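This briefing goes through one protein chain by topic, from overall form to single residues. The sequence and the structure come before the commentary.

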Amino acid sequence: MAKLPRNPQERSCLAIVLAAGEGTRMKSALPKPLHKIAGTSMLAHVLNAVSASGATHYAIVVGPNGDRLADEAHRIVPKGEIFVQTERLGTAHAVLAARDCLERHKTNDIVIAFADTPLIGAATLEKLRAPLQDGVAVAVLGFETDDPAGYGRLIVENGRLLAIREQKDANAAEQHIRFCNAGLMALRGDVALAILEQIGNDNAKKEYYLTDAVAVAVAMGETAIAVEAPEREVLGINDREQLAEAEAVLQETLRRVAMENGVTLVDPKSVFLSTDTRLGRDIVIEPNVFFGPGVVVEDDVVIHACSHLEGAHLQKGVHAGPFARLRPGTIIGPGAKVGNFVEIKNTILHEGVKVGHLTYLGDAEIGAETNIGAGTITCNYDGWSKFKTVIGAYAFIGSNTSLVAPVTVGAGAYIGSGSTITDNVPADALAIGRGRQVTKEERAKQIRAKRGKKNGH
């Protein structure tokens, strides 16, 4: 057999990701692999990991009604091939659903991963693949645990993996083994199909189990080994409780990385990040802040407590919150301030803009150094379509102003408090759109007398 490049990144690799499980314990209409951890679906987590580990080809095995899974897979790896496991006859049977890929990639590494093991890292997958270069036929990922109950035990002698023993089949000595099967496996391409085809279904469920690949390989005179991974990295998700556990594990990692890179988290456990959150340096994040997908935060930003961000870009020196909601399409320019109970969506705030409190800005562009008074709203939706509001630089928008889009307020313009603005306002103009105040002396006293109420009550 010709020697292949020793670096796994330099060798072709077929990643087979099994996403065919129904996940009935999730009690959900959503397929289990589409449930999210840190804003990313479990399937996407796994596909991203195998891609980062050097996979060059992808086979995603789904169940009969796997259209949504196929769509998600193609979003992450557009060239991935979709295969359907029409009958649920075990993990080896699921892998063989991608037989066509296996036949075409006999000189490649084969890595088998599971869509419900979302915390697996690229470095671990590279480590799993590496022994194949030395002639190993099967590499199995394992982990050490203090509580091995329910897991298959890895039977290792003299550095070789002899078998994976399910707990119900393990003898007394094997029951005490703490090195357990994580499920993920790598196969040498030239023997992968031969091994898989010899796996039988002589078991109570009459299913074809991938774990039997070890015994088959050993019987063929091939070598199998076990590769150790951190237990937390191979956490499998079968129900909502395990989903929450995985979320906690990943959040802990994301927070630690953020702090290592120059972010202050005042109360780390109360801050929730997404996998794609991009944070600069010298950022301060106060308690109870949530980052949805697509958030970019540049240097020297302060995000005050109880704020929610998604799809927003905060440029250098911004202050946001407390209780700010920044929605997709929001760009906050350098040094701008967004205060409490402000919601912004699909809006650009240029440098130095101040939006102090109690305001909604949607589908708008606000010029530099403009001040937006409390209670201001852009009326951007008429029930059918969205319309844009444009405000020039150095404008002053008085409190409790309604800007009925489409409308433009020129640079330096001043809007009187309590106005409803429906027409464009020229630069440096004063616009007031409210009814005149009418005061009727003694009228309140007369009303109380008519209703039989005493003055002042």
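Contact here means heavy atoms within 4.5 Å. Helices (H or I, at least four residues) and strands (E, at least two) are DSSP runs, numbered from the N terminus. This is a predicted model: local features need pLDDT of at least 70, side-chain atom pairs count only at pLDDT 80 or more, and totals for chains, interfaces and linings use all residues. Residues are numbered from 1 along each chain as its sequence is written, and side-chain values use heavy atoms, with hydrogens and water left out.

**Overall form**

- The protein chain holds 10 helices and 33 strands.
- Its radius of gyration is 30 Å, well over the 23 Å that the globule rule gives for 457 residues, so the chain is more spread out than a compact globule. The radius is taken over C-alpha atoms, and the rule is 2.2 Å times the number of residues to the power 0.38.
- Along the principal axes, the C-alpha atoms fill a box of roughly 105 × 55 × 40 Å.
- Among contacts with a separation of 6 or more, 43% join residues 24 or more positions apart.

**Surface and charge**

- Of the 457 residues, 47% count as buried. Buried means under 20% relative accessible area, exposed over 50%, and partly exposed in between (1.4 Å probe, protein chains only).
- The chain exposes about 22,000 Å², and carbon and sulfur atoms supply 51% of that area. Accessible areas come from the Shrake-Rupley method with a 1.4 Å probe; for residues, only the protein chains shown count as cover.
- There are 49 positive and 53 negative side chains, and the centres of the two sets lie 10 Å apart. Lys and Arg count as positive and Asp and Glu as negative, while His and the chain ends are not counted. Each charge is placed at NZ of Lys, CZ of Arg, CG of Asp or CD of Glu.

- Helix H9 covers residues 240-260, 21 residues in total, and reaches 30 Å from its first C-alpha to its last, close to the 30 Å expected at 1.5 Å a residue. The expected span is 1.5 Å times one less than the number of residues.
- The buried residues of H9 are Leu243, Ala246, Glu247, Val249, Leu250, Gln251, Leu254, Arg255 and Ala258.
- An α-helix has 3.6 residues a turn, so residues three or four places apart point the same way.
- The cover over the buried residues of H9 includes strand E2 (36-37), helix H1 (42-52), strand E12 (263-265) and strand E13 (278-279).
- Helix H7 (residues 189-197) has Gly189, Val191, Ala192, Leu193, Ile195 and Leu196 buried. Their cover includes helices H3 (91-96), H4 (99-104) and H8 (213-219), along with strands E6 (109-114), E7 (138-144) and E10 (179-188).

- His35 sits in the loop between strand E1 (13-19) and E2 and is buried at 7% relative accessible area. Leaving out residues up to four places away in sequence, His35 touches Met26, Ser28, Leu30, Thr40, Ser41, Met42, Arg240 and Leu243.
- Thr124 belongs to helix H5 (residues 122-129) and is buried at 9% relative accessibility. Apart from neighbours within four places in sequence, Thr124 is in contact with Leu141, Ala229, Pro230 and Glu233.
- Gly416 lies in the loop between strand E31 (414-415) and strand E32 (420-421), and its relative accessible area of 7% makes it buried. Not counting residues up to four places away in sequence, Gly416 touches Gly398, Thr401, Leu430, Ala431, Ile432 and Arg434.

**Backbone geometry**

- Most residues other than glycine have a negative phi, and most peptide bonds are trans.
- Gly321 and Pro322 are joined by a cis peptide bond, with omega about 0°; Pro322 is in the loop between strand E20 (319-320) and strand E21 (324-326).
- A cis bond also links Ala405 to Pro406, with omega about 0°; Pro406 is in the loop between strand E29 (402-404) and strand E30 (407-409).
- Lys206 has a positive phi near 55°, lies in the loop between H7 and H8, and is partly exposed at 49% relative accessible area.
- Asp363 has a positive phi of about 55°, lies in strand E24 (residues 354-366), and is buried at 9% relative accessible area.
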